[in-house]
Amino acid sequence: VAKYLDHLPLYRQEAIFERAGHLIARSTLAQWVGECGAQLQPLVDALTQELLQHRVLHADETPVAMLKPGEKKTHRSYIWSFCTTAFNPIKAVVFRFADNRSGHNVREFLGTEGPNPWKGSLVTDDYTGYKACFEQGVTEVGCMAHARRKFHELWVNHQSPIGQQALERFQRLYQVEEMVRDLDPDERRRLRQERARPVAEELYSWMLRQRDLVPEGSATARALLYSLRRWQALARYIDDGDLPIDNNWVENQIRPIALGRANWLFAGSLRAGKRAAAVMSLLHSARINGHDPYAYLKDVMTRLPLQPNSRIQELLPHRWTPPA
């Protein structure tokens, strides 16, 4: 918990233990962490299988450094994040560590090239690594926040009137989302079609008109084209009450990783990165379900050796209940 949730690298923990009178070598701490990660892997596998039972998922990736084998240099690796939506009563997030940003990592996780491919709706930004999934039966759901961000940059950096006018229209779409957030999917869909669809159609028509008026290759043209080229995916949420308007939920889940990498700096190896991703999957899933991650992990690691494999789902964060 100190390493993966509180962002304390083992060398700092070694010093903390020493101040308290406990001489525990960093290599010993690393061995303990590795053994715990190995013991928890079946639970992470079960969490992954459960995640893939849901029709709508978020996906995102964030860079982390990994030490090159036999060298004192690092190269860019990635932690991929997959999670259920904020609308889903099942709150779960799974992290995957990979030494590259290839879209193969997404296809492998979703099994799109295997015998039982996942073919739900995937909410993502516009990174090309996801595109092959959409060609293999996965439904693309765009991120309205990324589209809005392009116009926000125009307004902040250039005080662009077009940026300001676009932001006002995006704000009306998000005002509808505030209204429907806590409704059931059918009612959410009905109100979106009634109130958000006219705004979205007007926004799209307005962007088409503006595109003809701005210079080719300008920052304004790029902001407009970003939305126009993927409008179908961006507006898909209006017709499905289970779909979110943007990818912000998963971005919130990977924000602690960005904070953590500023402290632990790099993963020591590919295996260490994968262990870290596995442990963080459980800790952060416990956190978003409102559990004390330390209490969860302590109880689960006590029970896991005796838990029948057929009942391992009982120990998943969204099903776990604290002991009396």
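How many of the 12 residues of E1 are buried? The count is 9, so E1 is largely enclosed by the rest of the structure. Buried means under 20% relative accessible area, exposed over 50%, and partly exposed in between, with a 1.4 Å probe and protein chains only.

This is a predicted model, in which local features need pLDDT of at least 70, side-chain atom pairs count only at pLDDT 80 or more, and totals for chains, interfaces and linings use all residues. Residues are numbered from 1 along each chain as its sequence is written, and side-chain values use heavy atoms, with hydrogens and water left out.

**View 1. An open sheet of 5 strands.** The strand order is E3-E2-E1-E4-E5, and the pairing is mixed. Strand E3 (93-98) and strand E5 (139-141) are the edge strands, each pairing on one side only. Neighbouring strands of this sheet are turned by 30° against each other on average, direction ignored. Axes here are lines fitted to C-alpha atoms, for helices over the stretch in contact, and angles run from 0 to 180 degrees between N-to-C directions. Two strands pair if DSSP finds at least two bridges between them. Strands (E, at least two residues) and helices (H or I, at least four) are DSSP runs, numbered from the N terminus.

**View 2. Strand E1 and its two partners.** E1 pairs with strand E2 (residues 74-83) in the antiparallel sense, over 10 bridges. Ala 59 stands opposite Phe 82 in E2. Thr 62 faces Ile 79, also in E2. With strand E4 (residues 121-123), E1 pairs in the parallel sense over 3 bridges. Here Leu 57 stands opposite Leu 122 of E4. In a regular strand the side chains alternate between the two faces of the sheet.

View 3. E2 and E3 run antiparallel and are joined by 6 bridges. Val 93 in E3 is the bridge partner of Cys 83. Of the 6 residues of E3, 5 are buried, so this strand is largely enclosed by the rest of the structure.

**View 4. Glu 61 and its side-chain contacts.** Glu 61 sits in strand E1 (residues 56-67). Its relative accessibility is 8%, so Glu 61 counts as buried. The side chain of Glu 61 makes a polar contact of 2.6 Å with that of Arg 101. Another polar contact, of 2.5 Å, links the side chains of Glu 61 and Tyr 130. A polar contact is a pair of N or O atoms within 3.5 Å; within protein, one must be able to donate a hydrogen and the other to accept it, and residues adjacent in sequence count only if both atoms are side-chain atoms.

**View 5. The second largest pocket.** About 460 Å³ of space lies in this pocket. It is lined by 17 residues, and those closest to its centre are Val 1, Ala 2, Val 33, Cys 36 and Leu 297. Helix H1 (10-19), helix H2 (26-51) and helix H12 (293-303) each supply at least two lining residues. H2 gives the largest share, 5 residues. By class, the lining has 14 nonpolar, 1 polar and 2 charged residues. Ala, Val, Leu, Ile, Met, Phe, Trp, Tyr, Cys and Pro count as nonpolar, Asp, Glu, Lys and Arg as charged, and the others, Gly among them, as polar.

**View 6. The largest cavity.** The structure holds 2 cavities of 30 Å³ or more. The largest contains about 50 Å³ of space. Its lining residues include Thr 124, Asp 125, Glu 140, His 146 and Arg 230. The lining divides into 3 nonpolar, 3 polar and 4 charged residues. On a 1 Å grid over the protein atoms alone, a cavity is a set of points where a 1.4 Å probe fits but cannot get out, a pocket is an open set with protein on both sides within 12 Å along at least five of seven lines, and lining residues have an atom within 4 Å of a point. Grid points are joined across faces, edges and corners, and a volume is the space filled by probe spheres set on the points.

**View 7. Pro 42 and Asn 309.** Pro 42 lies in helix H2. At 38% relative accessibility, Pro 42 counts as partly exposed. Pro 42 and Asn 309 are 267 residues apart in sequence and 8.7 Å apart in space, C-alpha to C-alpha.

View 8. Most residues other than glycine have a negative phi. His 7 has a positive phi of about 65°. His 7 lies in the segment before H1 and is buried, with a relative accessible area of 10%. Phi of Gln 159 is also positive, near 50°. Gln 159 lies in the loop between helix H5 (144-158) and helix H6 (161-180).
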